[in-house]
Amino acid sequence: MNVPENLQEILDDALAAGVAAGNQKLMDWFDGHDGGACGFAWVHIYDDQGRKIRKNSKLGKALEAVGIDKDWQGAHMHWGGGMHCQNIDAKEAACQAFADVFKQHGFEAYVQSRLD
């Protein structure tokens with residue numbers, strides 16, 4: 001997979017989509033306030049073939065340059081999808097919206113989460 005020329009723009013769009021989706025979840029369920037179950041959510045990002053992106057590849061270096069680093073399993077990942085709250089449902093919604101933007105640009109992206 002080639003490095004998208006607009007990678008920073010993709011990240012910015014993903015973060016904006018994530019924040020909007022997370023805030024909407026908080027509005028729908030908690031009148032805009034943080035509440036409910038606490039947890040973590042993140043997005044794993046893979047290349048267009050669903051493979052891990054090598055850290056020393058052009059794409060790997062580009063992802064890390066915009067702040068998307070590898071996790072301990074060797075996959076590039078982003079925490080929270082831009083949502084800074086405690087609610088797991090809002091974080092999952094944010095991460096799903098974040099992942100959807102990356103999918104629109106040819107990446108494979110998957111959301112994972114866990115309760116705290």
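How many bridges join strand β2 (residues 69–70) to β3, and in which sense do the two strands run? In the predicted model examined here, two bridges join β2 to β3, and the strands run antiparallel. Within this pairing, Asp69 stands opposite Met77 in β3. The hairpin of β2 and β3 has five residues between the strands, and in this hairpin Gly74 takes a positive phi near 90°.

Strands of a sheet pair through backbone hydrogen bonds, in either a parallel or an antiparallel manner. Strand β1 (residues 39–46) pairs with strand β3 (residues 76–79) in the antiparallel sense over four bridges, and in this pairing Val43 stands opposite His78 in β3. To β4, strand β1 is joined by eight bridges, and these two strands likewise run antiparallel; Ala41 has Ser113 as its bridge partner in β4.

Helix packing was examined next. Two packed helices are described by the angle between their axes and by the distance between those axes. Helix α1 (residues 7–30) packs with helix α3 (residues 88–104) at an angle of about 150°, and the two axes lie 7 Å apart. Because angles over 145 degrees count as roughly antiparallel, α1 is described as roughly antiparallel to α3. The crossing in which α1 passes α3 is right-handed. By class, the residues of the contact of α1 with α3 comprise 16 nonpolar, two polar and three charged.

The search for open space gave a further feature. Rolling a probe the size of a water molecule over the atoms shows where empty space is left. The largest pocket has a volume of about 150 Å³, and the residues that line this pocket are Met1, Asn2, Val3, Asp47, Lys52, Ile53, Arg54, Ser57, Lys58 and Leu59. When this lining is divided by class, four residues are nonpolar, two are polar and four are charged.

Definitions and conventions
Residues numbered from 1 in each chain as written. Predicted model: local features only at pLDDT ≥ 70, side-chain atom pairs only at ≥ 80, totals over all residues. Heavy atoms only, no water. Axes fitted to C-alpha atoms, helices over the stretch in contact; angles between N-to-C directions. Parallel < 35°, antiparallel > 145°, perpendicular 65-115°, else oblique. Left-handed = near helix turned anticlockwise from the far one by under 90°. Nonpolar A, V, L, I, M, F, W, Y, C, P; charged D, E, K, R; others polar. 1 Å grid on protein atoms, 1.4 Å probe; cavity = no way out; pocket = protein on both sides within 12 Å on 5 of 7 lines; lining within 4 Å. Points joined across faces, edges and corners; volume = space filled by probe spheres on them. Pairing = 2+ DSSP bridges.
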